Amino acid sequence: MRYIFLYFLFYCLSVNAVTVPKPISICLWEAQISSDLQYGRQYDRQKDVFWHKSKVENLLKHTKKPYWYINKVLNIFDLVWVTYDIEDTESFVFKTTYNKCIKEYKNTDRFYYY
């Protein structure tokens, strides 16, 4: 009995030690996508929002991403384009998006439907 308990304890500790909680991984993903989109926005400054949006959408379709994934990335695209200035750095966008997402974590309904 004691060995079963120790095995169970070590199994639970190892699984919980390496897994990232779902809200944190979601916020990291959103922050990374928004940072990458800001970089692309700064790279082609002379292009307008419609050109950038169609470029991102076509790239995701070309890589055969599912529709829900494309829709989520385009929602983040709209958020980045409206919220941040073109002069903001990628690290600033990453940090701000991540912190905002973590603050919204209190509304747990958002994370259940991801």
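At 6% relative accessibility, Glu-30 falls in the buried class. In this predicted model, Glu-30 forms a salt bridge with Lys-72, and the closest N and O atoms are 3.5 Å apart. Lys-72 lies in helix H4 (residues 67-83) and Glu-30 in helix H2, so the contact ties together parts that are 42 residues apart in sequence. Lys-72 is partly exposed, with a relative accessible area of 22%.

## Further salt bridges

The structure holds three salt bridges. One of them joins Asp-78 to Lys-53, with the closest N and O atoms 2.9 Å apart. This pair links distant parts of the chain, Asp-78 being in helix H4 and Lys-53 in helix H3 (residues 49-62), 25 residues apart. Asp-78 is partly exposed at 31% relative accessibility, and Lys-53 is partly exposed with a relative accessible area of 26%.

Lys-61 forms a salt bridge with Glu-57, the closest N and O atoms lying 3.4 Å apart. These residues are four apart in helix H3, so about one helical turn separates them. Lys-61 is partly exposed, at a relative accessible area of 48%; Glu-57 is also partly exposed, at 26%.

## Disulfide

The model contains one disulfide. Cys-27 and Cys-101 form this bond, with their sulfur atoms 2.1 Å apart. The pair links distant parts of the chain: Cys-27 is in helix H2 (residues 22-43) and Cys-101 in helix H5 (residues 90-104), 74 residues apart. The torsion about the S-S bond is about -75°, so the disulfide is left-handed.

Cys-27 is buried at 0% relative accessibility, and Cys-101 is buried at 2%.

Note on methods: Residues numbered from 1 in each chain as written. Predicted model: local features only at pLDDT ≥ 70, side-chain atom pairs only at ≥ 80, totals over all residues. Heavy atoms only, no water. Disulfide = S-S within 2.5 Å. Helix = DSSP H or I, 4+ residues; strand = E, 2+ residues; numbered from the N terminus. Buried < 20%, exposed > 50% of the residue type's maximum accessible area, 1.4 Å probe, protein only. Salt bridge = Lys/Arg side-chain N within 4 Å of Asp/Glu carboxyl O.
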